[in-house]
Amino acid sequence: MRQAARLADAARVGSESRAHLHPSNITRSPALGHTNAVPELPEVEALAAFLRERAVGHFVARIDVAAINVLKTYDPPPTALAGQQVTGAGRYGKFLDLDCDGLHLVIHLARAGWLHWREQLAPAPPKPGKGPIGLRVHLDDGAGFDLTEAGTKKRLAVYLVRDPATVPGVARLGADPLAEDFTVEALSTLLAGARQQLKGLLTDQTVIAGIGNAYSDEILHMAQLSPFKLGAKLPPEELERLHAAIVTTLRDAVARSVGQGAATLKGEKRSGLRVHARTGLPCPVCGDLVREVSFADSSLQYCPTCQTGGSPLADRRLSRLVR
Ligand SMILES: [Zn+2]
């Protein structure tokens, strides 16, 4: 069934017929064109902002580990957090960091994880191995949060460390696109030696930290660049456009996410997207229909008129299938 949906999807991209791209003909499978928001930099930043406002100053009362595979470290043990004061909350790429007086709870929400804040947490620990809750953090005022993961791919990862840089995923992170030193020159240096295409470069956490499938689609659309363009070959004018699009897209998304109260909303809510997960809908800039290229377990969306000189990109999987 899923294979059939993928074939239909691939055919739709390759088709010249606009009727096939009409919104009413679009069916979304979990793997293709899904609208579930995978947390990226803006959502994680909004969660950090929420925790800075609501959790900092409070003491950790207890931690319940409901799914043992979620906690990736054993020293210090989770019990070490009890009695520690929350002194800060921040972000490294897509990693959320809760600083508890020098003990860091570093959280990677991965594709289907989220942080759910509760003003009143149930005092009883969640049943181990049952349901979506991986870890529960109780604060001294009865509030706290659940770290949850939907679906079957268990990738939610939590690390309790004294130094966030000891988390392997954090140590590998590239430049932070919202840092002051992320200039056009810095971006030029990052792309200079790269052989990847822009879509791959933007989502490579070791090059630029925090951008995933959704915001890379949005950034490339704003920059009016093809996702398949080679990063190392961008002329200065396009490089400047790309830099401006990265910074603007992420800053706007952070502002929106903070405004929505990320931790009290469902993680699936995301607004303001112009092309991502909008296959078959009109581009808000030019009115052309947003198209899709599908991969094994993901897809990208783009506007041909804005980004590729009007011609649709080849769907590689379709080419492979018909060959
Ligand atoms: Zn367009």
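This is a predicted model: local features need pLDDT of at least 70, side-chain atom pairs count only at pLDDT 80 or more; totals for chains, interfaces and linings use all residues.
A residue counts as buried here if 20 or more other C-beta atoms lie within 10 Å of its own.

Start with helix H6, residues 213-223. Of its 11 residues, 11 are buried.

The loop between H6 and H7 holds Leu234. Is Leu234 buried or exposed? The cut-off is 20 or more neighbouring C-beta atoms within 10 Å. Leu234 has 21 other C-beta atoms within 10 Å, so it is buried. Leaving aside residues up to four places away in sequence, Leu234 touches Leu191, Leu239 and Leu242. Leu198 is 36 residues from Leu234 in sequence, yet the two C-alpha atoms are 9.7 Å apart in space.

H7 brings us to helix packing. Two packed helices are described by the angle between their axes and the distance between the axes. Take helix H4 (residues 184-192) against H7. Their axes are 10 Å apart and meet at an angle of about 110°. Angles of 65 to 115 degrees count as roughly perpendicular. H4 and H7 are therefore roughly perpendicular to each other. On the H4 side, the contact uses Val184, Leu187 and Ser188. On the H7 side, it uses Leu239, Glu240, Leu242 and His243. By class, this contact of H4 with H7 has four nonpolar, two polar and one charged residues. Two of the H7 residues, Leu239 and Leu242, are also touched by Leu234.

Helix H2 (residues 41-54) also packs on H7. Here the angle is about 45° and the axes are 8 Å apart. That makes H2 oblique to H7. The crossing of H2 past H7 is right-handed. H2 contributes Leu41, Pro42, Glu43, Glu45, Ala46 and Ala49 to the contact. H7 contributes Leu250, Ala253, Val254, Ser257 and Val258. Eight residues of this contact of H2 with H7 are nonpolar, one is polar and two are charged.

Strand S2 (residues 88-92) pairs with strand S3 (residues 95-100) in the antiparallel sense, over five bridges. Tyr92 has Phe95 in S3 as its bridge partner. The hairpin of S2 and S3 has two residues between the strands, and Gly93 takes a positive phi near 55° there. Further along, strand S4 (residues 103-108) and S8 run antiparallel, joined by five bridges. Leu105 stands opposite Leu160 in S8.

A further open sheet has four strands in the order S1-S6-S7-S5, and its pairing is antiparallel. Which strands form its edges? They are strand S1 (60-65) and strand S5 (113-118), each pairing on one side only. Neighbouring strands of this sheet are turned by 15° against each other on average, direction ignored. S5 and strand S7 (residues 144-149) pair antiparallel over six bridges.

Step back to the whole chain. It has nine helices and 10 strands. Of its 323 residues, 41% count as buried. Among contacts between residues at least 6 apart in sequence, 66% join residues at least 24 apart.

Key:
Residues are numbered from 1 along each chain as its sequence is written. A residue is buried if 20 or more other C-beta atoms lie within 10 Å of its own, exposed if 12 or fewer, and partly exposed in between; C-beta atoms are placed from the backbone. Two strands pair if DSSP finds at least two bridges between them. Axes are lines fitted to C-alpha atoms, for helices over the stretch in contact, and angles run from 0 to 180 degrees between N-to-C directions. Angles under 35 degrees count as roughly parallel, over 145 as roughly antiparallel, 65 to 115 as roughly perpendicular and the rest as oblique. Two residues are in contact if their C-beta atoms, placed from the backbone, lie within 7 Å. Ala, Val, Leu, Ile, Met, Phe, Trp, Tyr, Cys and Pro count as nonpolar, Asp, Glu, Lys and Arg as charged, and the others, Gly among them, as polar. A crossing is left-handed if the near helix is turned anticlockwise from the far one by less than a right angle, and right-handed if clockwise.
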